[in-house]
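Q: Hi! Could you walk me through this structure? I'm new to this.

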Amino acid sequence: MGSILLKDITIAGERKDMLIGGSRILRISPEGSSAGWDLAGDVEVMDCTGKVAIPGFVNMHTHAGMSLMRGIGEDMVFQDWITKIWKIEEGIDYDYVYWASKVACIEMIRTGTTTFNDQYWFFQACQKAAVEMGIRPAVGFDIIDHNKPEEAARQMDLCTRKYEEAQDRWKEDGSIYELAFHAIYSVSEPMMIWAADFARAHDLPLHIHLSETLREVEDCKAAHGGLTPVEYLDAIGVLGPNLLAAHCLWLSEHDIELLAKHGVNCIHNINSNTKLSSGYRFLYNELRDAGVNVCIGTDGCASSNNLDLLEAMKTSALFQKAWRNDPKALPLEELLDMATVNGARALRIDSGVLREGALADISIVETDSYAFLSPGPFLANLVYSAHSDCIDTVIAGGKVVMRNREIPGEKEIIHEARKALDKLK
C-alpha cells in the first residue's frame, strides 16, 4: 500500500497537509509544509483545496444483512415487526447475507462510515463482504436460543468452534471479532451467562440489545422479581466494560448507575426507536453525566430503512432538544464524538480522531455547495444543512474506498443483490 498526501485539507478549521502511510496517519502539518518533506516511494498526491476532513464514522449498531429488507415491516409495533422479521429470516442463507452486506457496505461508505458494529446471521459472510469493500467490521457469532436448552447446547459448541476458526485470520485483515446475544427475552439465562463468561475469557466485545421497549422492561420485572433488564443482567454477571448495549432506551436512575459502574458502552438508535414507536426519550445527558460512553448507530434497514449515520446524528440531536425543551441539549461536538471516537473507544481501536499515529479512517467533505454557503460553523452546516452526498471521498485504514463519489464494482454488486431478493419470502 502506497502513501497518500492530502494537500491543503481543512481540519478543525485549519488548513493542513496530511500524510497517510500504510493504515495510519503519519504526519499532519500546516498547509504548504509538505513541500519540504522527504517523500520516498509511491506517493499519491490529492489536492484537497476547499475540502474538509472529518473522522470516519463508527456505526455502532447495524444488521448489515437486513439491507435488502427495507420497507417490509412498515407501520408495525416492535413485537409484530420482529415476529415478521424472524419468519422471513428462516429463508435466508450465506449467499444472501454476503450480497446484502455488500449493499450495506456501499451505503455506509457513501455516508462516511469506515467501521461498523454488526449483529446478524452467517456472520462470516458479512465479514468477507466488508473486508472486500475495504471497511472494518466488528462481527461474530450471534446467539439466540429462544429459551430451548437443546438449542443452547448446540450454540455453545458452534460458537466455540467458530471462534477457534476465525480468531487468527481476522486479526490479519483488521476485522474485530466479537460475540453477540440477541436479548434477554430471546436467550436463556444459562446461555447469557455462558456468553458473558466466554467473551470475558477471550477478551471479546459482547454486543446485545438492552431495554429497547417498555414491554421488555415490564416483562422482565414480572419474570425476575421486579428487576429491570439492566438490574437482571447485573444480577447474573453480564454487565462489564466489554458490553456493547444497543438501545438502552427505558432506563431508571439505578440502571444508569449500574451501567456507569460497570463501564458499559451504550448505543443510541433514534431512527429505529421512533419508527417502531419504541420511544424517544433517550437519557443522553444522564448517561453522559454518569460517565457512560455513549455511541450512536443506525440499526438495520428493516427498521431504520437506511444506514446513514449523518442522518441519525441530526435526528438524535433534534429529539434531544425537543423532548427536553432545551436547544442546548446534545451539542455538535458531543454529537460528533458519539459518531466517531466514542464508538472507536467502545471497540478498542485507535480511530475516530484525526491525529498523527491514529488509523487513517477519514471522510473528505466537499464544501462547494449550497449547504456550506454560510458563516455558521462547519459542523452545524454538515449535520443540520447538508446531506451525506457531501461526502466526496472516503479513506478506511489508509485505503481509498470511495473516490469522487465512485465505489468500484457498485453496479455489479447491485445486480447480484437483486438475485438474492428471491430468498425473501
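A: Happy to! One term to begin with: buried means under 20% relative accessible area, exposed means over 50%, and partly exposed is in between (1.4 Å probe, protein chains only). By that cut-off cysteine 390 counts as buried, at 7% relative accessibility. This is a predicted model, where local features need pLDDT of at least 70, side-chain atom pairs count only at pLDDT 80 or more, and totals for chains, interfaces and linings use all residues. Residues are numbered from 1 along each chain as its sequence is written, and side-chain values use heavy atoms, with hydrogens and water left out.

Q: New topic: where is arginine 324 found?
A: In helix 11, which covers residues 309-324. Helices (H or I, at least four residues) are DSSP runs, as are strands (E, at least two), numbered from the N terminus.

Q: Which side chain does arginine 324 join through a polar contact of 2.6 Å?
A: That of glutamate 286. The arginine 324 side chain also makes a polar contact of 2.9 Å with the side chain of glutamine 320. A polar contact is a pair of N or O atoms within 3.5 Å; within protein, one must be able to donate a hydrogen and the other to accept it, and residues adjacent in sequence count only if both atoms are side-chain atoms.
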